[in-house]
Amino acid sequence: MLNTIFLILGVIAGVLYLWFLFTLIYHLIRFSIGNAPKIIALVFFLGSFCLVILVIALFFKINWQNLSDLIVPIFKVF
Amino acid sequence: MLNIFSLFSPSGLSFKGQLPQEEVVLLKRRHWFFLALNIFVTFLFTFLPFVVYGLISRTSWFQVASDLFWFLTALYYLILWFLFFYNLTMYLLNIFILTKQRIVKREQLGFFNFKEATLELSKIQDISVLQKGILANLLNYGDLEIQTAGNQNKFLFQQLPNPTALKQAILNQ
């Protein structure tokens, strides 16, 4: 259950992040002057790519069953 | 064949809306101090997960939630990475261009939100330099206020590096 909720949230956040990623790179390439902003756009893209892969890998490493065992008793108090 | 890497080859100082035969004399952005300030603040925020780790790593439940912690840390750095480049983009897109015919001020207020003002050099009546505060004098940055003839009365360009030299460069055109 917890896994599914986080997965849905993750997909929504991922789509939003992709949109922001595209927008930022678009602005740097389309509206900037000179060569440096284009190289900055490339650095941003490569860094984002690595971080997104890391986030996805860490997401699938989470043991949701253990987390549920930890969180559910807290909610039962309320 | 279309070479995608041609995007990174030197393109000179051409800009969107440039008139034919219009030659760029100089291009300025805000003083580097304001970019450095952004870099410094981002640098400070990179330590936040380490602080949180120091606080919670000895708790009993951390062993169970450590995977979640590392996931949230990576997510935090992803957001921080984006915010840093967002501020850098805003810095790079806020520009002051002096050409042989006019001055172009392009102000990026956010994504798909910008303000552009142009000013013909022939309409300039007076240029004032404003340097307020110790920091502005020490780092040599300030504002340029340009008085024009016609209905566009004043043009203000803020936090420019070496405003006196810039004023001179405008007057020399």
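## Chain A: annotated spans

Residues 39-60 of chain A have end C-alpha atoms 32 Å apart, and the span is 100% helix and 0% strand. Helices are DSSP runs of H or I with at least four residues, strands are runs of E with at least two, and both are numbered from the N terminus. For residues 6-27 of chain A, the end C-alpha atoms lie 31 Å apart. That span is also 100% helix and 0% strand. UniProt, in an unreviewed entry, lists residues 6-27 and 39-60 of chain A as "transmembrane region". UniProt positions follow the numbering used here, feature names are shortened, and annotations may be inferred rather than shown by experiment.

This is a predicted model, in which local features need pLDDT of at least 70, side-chain atom pairs count only at pLDDT 80 or more, and totals for chains, interfaces and linings use all residues. Residues are numbered from 1 along each chain as its sequence is written, while chains are lettered from A and ligands numbered from 1 in the order in which they are written.

## Trp64 of chain A

Trp64(A) sits in helix α3 (residues 64-77) of chain A. Trp64(A) counts as partly exposed because it has 17 C-beta neighbours inside 10 Å. The scale counts other C-beta atoms within 10 Å of a residue's own, placed from the backbone: 20 or more is buried, 12 or fewer is exposed, and in between is partly exposed.

Leaving aside neighbours within four places in sequence, Trp64(A) is in contact with Leu2(A) and Asn3(A). Contact requires C-beta atoms, placed from the backbone, to lie within 7 Å. His27(A) is 37 residues from Trp64(A) in sequence and 39 Å away in space, C-alpha to C-alpha.

## The interface between chains

Chain B gives 29 residues to the contact and chain A gives 30 residues. On the side of chain B that touches chain A, α3(B) gives the most, with 18 residues. That side of chain B divides into 25 nonpolar, two polar and two charged residues. Nonpolar covers Ala, Val, Leu, Ile, Met, Phe, Trp, Tyr, Cys and Pro; charged covers Asp, Glu, Lys and Arg; the others, Gly among them, are polar.

Leu92(B) lies in helix α3 of chain B. Leu92(B) is buried, with 23 other C-beta atoms within 10 Å. Neighbours within four places in sequence aside, Leu92(B) is in contact with Ser32(A), Pro37(A) and Arg29(B). Leu92(B) and Leu35(B) are 57 residues apart in sequence and 9.4 Å apart in space, C-alpha to C-alpha.

## Helix packing in chain B

Helix α1 (residues 32-45) and helix α3 (residues 62-93) of chain B have axes that come within 10 Å and cross at roughly 175°. α1(B) is therefore roughly antiparallel to α3(B). Angles over 145 degrees count as roughly antiparallel, under 35 as roughly parallel, 65 to 115 as roughly perpendicular and the rest as oblique. Axes are lines fitted to C-alpha atoms, for helices over the stretch in contact, and angles run from 0 to 180 degrees between N-to-C directions.

From α1(B), the contact uses Phe34(B), Leu35(B), Asn38(B), Thr42(B) and Phe45(B). From α3(B) come Leu80(B), Phe84(B), Asn87(B) and Tyr91(B). By class, this contact of α1(B) with α3(B) has six nonpolar, three polar and no charged residues.

## The four-stranded sheet

Chain B has an open sheet of four strands in the order β1-β2-β3-β4, with antiparallel pairing. The edge strands are β1 and β4 (113-120) of chain B, each pairing on one side only. Pairing means that DSSP finds at least two bridges between two strands. Neighbouring strands of this sheet are turned by 15° against each other on average, direction ignored. α3(B) lies across β1, β2 and β3 of chain B, at about 160° to β3(B).

Strand β1 (residues 24-29) of chain B is joined to β2(B) by five bridges. Val24(B) stands opposite Thr99(B) in β2(B). β2(B) pairs with strand β3 (residues 102-110) of chain B over four bridges, and a hairpin joins β2(B) to β3(B) through two residues. Ile97(B) faces Val104(B) in β3(B), and Phe96(B) stands opposite Lys105(B). Four of the five residues of strand β2 (residues 95-99) of chain B are buried, so β2(B) is largely enclosed by the rest of the structure.

## The three-stranded sheet

Three strands of chain B form an open antiparallel sheet in the order β5-β6-β7. β5 (124-130) and β7 (154-161) of chain B each have a single partner strand, so one side of each is left without a neighbour in the sheet. Neighbouring strands are turned by 20° against each other on average, direction ignored.

Six bridges join strand β6 (residues 141-148) of chain B to β7(B). Glu145(B) stands opposite Leu156(B) in β7(B). Helix α5 (residues 163-171) of chain B packs on the sheet and touches β5, β6 and β7 of chain B. The direction of α5(B) makes about 170° with that of β5(B).

Methods. Two residues are in contact if their C-beta atoms, placed from the backbone, lie within 7 Å.
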